[in-house]
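Biologist: Could you walk me through some of the labels used for this model? I'd like to see how each one is reached.

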Amino acid sequence: MLLVTVGAAWVLGLLPVGAWGAPWWMGAAWTAAAGASLTLHRRASLPAVAAAVVAAGVAGLRLEQSLDRPVPPIASAVGQEATLSGVVASEPEPGELTTGYDVWVERAIFADGSTMTRPGTVRVWLHQYERYLPGDRLVLEGELEEAPVFDGFDYRSYLANQGIGAVMWRPKTEFLEAGAGLGRELTRLRLALDRSLQRAIPEPAASLAGGIAFGRDGGLSEEVKAQFNASGLRHLVAVSGANLVLVAAMTLAVGSRLVGRARAWPAAAAAVAGYVALAGFEPSVARAAAMTAILFAGELVGRPQSGLPGLAAAVIVLTAAWPGLALDAGFQLSVAATAGLITIGPWLRYALDATRRWWTTSWLPDWATEVMALSLAASAASAPITWAHFGTVSVVGPLANLVVQPVLTLAFWASLATAALGLVSRTAAEVTGTLAYYPLAFILEAAAAAGGLRWASVGSEEGLTDIGIAATAALSVVAVVAYRFQPPDLELPDAAYERAELGSRLVIGGAAVGLVLLIAGSACGRPPALTVDVLDVGQGDAILVTTPRGTQVLVDGGPSELRLARELGKRMPPWDRTIEVVVVSHPQEDHIGGLPGLDARYRLPRVVTNGDTNSTRTAMLVAESVGRRTVVAAAGDRFIVDGVTFDVLWPSSGYATDDLNRRSLVLLVSYGERRVLLAGDLDARGQAAVAGRVDGRVDLMKVPHHGSRDSDPAFLALADGGIAVISVGRGNPFGHPHPATLAALSDALVLRTDMNGHVRVVLSPHKVRVETER
């Protein structure tokens, strides 16, 4: 009990410094006052009180010293052009149009000739396909800028707390030499495993799988993260390793009930070892492993509550070594969840087992009650921490966790297996990836459903930290009482165990049958129709054409790999990892930006282009990745996929111009009497030439060049009486679509991706159906 008391005092020493910026001795003073009261009432010994006071003082002093960090010298150079020589200090952080890195600067040379040596760390955003590893040496040329402050998030302060004094946006980059070391190789392995998931599982499930399996969740959109936040499931995606405690605990608990504790231990230990090795030996990973080891220690001796002294020791050691961990949301969530499992968990298991005496609940399998108890204990204990850090109170969080946590364990193991198999066999990984997709999709859908409820969460204003602290204090009192008094042993009637066994078979069998029916239902019963999806990829083009037999043809790839992958993940079956034909209308960034990454995610047997080249990095990457599969097409060429005809109307063979837009490939897609016109970024002159090559009206037109002013009325009139879709980014700086173009389309149904989101048009022989995202 002494170690638990000292651990509580240590936390009390951290609290006033971290929460309110109070002086280091404040926690020690509080501890001394409480200890004096307990000593007077003979509830504590003087040596124990003295040890607690010393612990609180040391904790407060360590945290105060770590927060008193000097401003990096590089911060004084904000606004200046500079050439920086430095070393990559982080793994890549993917964004929609950029990739972020932290670079430790060894030397900075400024435009006025002045220099700085080791001035600190900068955050840089490079091209979305720049790939470096920790230890790589670079030269960066560009302007040093101050980090932005977003609405509701002070990103500048966030970076400053990490010792980052300035940022650079798309600087000119020169690679000097590769680094070396274990950390670099582990990062290389994590990225390879991440690519395995991307090849086998569609987005956003692939990014969720990476987050669950080894802490790489950067591909999740802000919308999905907001859903996880509102639903109380943020701990699954917000912090690397925050869910490891629950995954390992559930693996052990369920395995112990199904195959016995001796056989369940290896799987649970493998979960921890695999995660630590893959996620890297960083402080966040170390604390996750420590929390899990403590939980296991208590389970190993058959008395889970005995792990509380170990938890206290781990908190002291970890925050003494890395004081900043005390302010880290992931560390706090892990500690709270572990404490809840140790103290409240046994009582919740007892309460749930007690209810199984009733006929209606006696059908609950043993493993189900175990999972329910673990979920409720961890959710209740970590809820105040979530409130304090993420700005909302999730009303549906306990229920959402109760529903999702059992599936989380399946998702973890299936994702890990898929990632590992992908290093050996892409085909094998696609099989396990299809199985992994369904629990991952269930978690995503649960977060969206729970987070989308109007009353799912309560917004927070000022004072949230104080509310969280007060709620944590109240829960701590409950936890102390639960720790001091263990629940009694409970024996259930034999009939209850028999019904529980039958219930387990029914649940597992029903889930298996349901999964089979779901897959079979998705794969069968497709009506004979041509489907055209104009994907919402921002300011760019990406159109997915699906034949009546389910074969895909993609016309252009938009500006962003992540946006394109997310859109395709929503529109294609999860087991379908092949796009039969990719058509590149012309090699500009807003039409090819997603294609290099797409080639790493899907099989692309054939690529059709107009033969034009571009000097941009993206265009060169496209040429490198799909060059051998490229077919050059011109007006008069045709290809047929599953009975759907793709006629190339433009450019004419031999037509030469330096304007890439003027040579955009134009396709007329025909299925029976239905016709679709896809015109890339063709200008008015080319449109006038093409208009004479189209006989009559079309059912669907993708309006050229995002609805720009440079349009030919006669060409746009081909959409009269049909549907005209404008692929355009919201708030774009070009004024697209132009009012004159919209006026020329007045006799067509006009849909826009900036206003309507994704647009789907289903063309069958008898009717045309339109679906929009909003």
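Biologist: Why is Trp125 called buried?

Modeller: Trp125 has a relative accessible area of 15%, and buried means under 20%, exposed over 50% and partly exposed in between, with a 1.4 Å probe and protein chains only. So Trp125 counts as buried. Keep in mind that this is a predicted model, where local features need pLDDT of at least 70, side-chain atom pairs count only at pLDDT 80 or more, and totals for chains, interfaces and linings use all residues. Residues are numbered from 1 along each chain as its sequence is written, and side-chain values use heavy atoms, with hydrogens and water left out.

Biologist: And what makes Trp169 exposed?

Modeller: Its relative accessibility is 52%, so Trp169 counts as exposed.

Biologist: How do you know that Tyr155 and Tyr158 are stacked?

Modeller: Rings of Phe, Tyr and Trp (its six-membered ring) pair if their centres lie within 6.5 Å; planes under 30 degrees apart are stacked, over 60 edge-to-face, the rest tilted. Tyr155 and Tyr158 are 6.0 Å apart centre to centre, with 20° between the planes, hence a stacked pair. Tyr155, at 9% relative accessibility, is buried, whereas Tyr158, at 41%, is partly exposed.

Biologist: What makes the charge of Arg577 sit over the ring of Tyr602?

Modeller: The rule asks for NZ of Lys or CZ of Arg within 6 Å of the ring centre and within 35 degrees of the ring normal. The charged end of Arg577 is 4.2 Å from the centre of the Tyr602 ring and sits over that ring.
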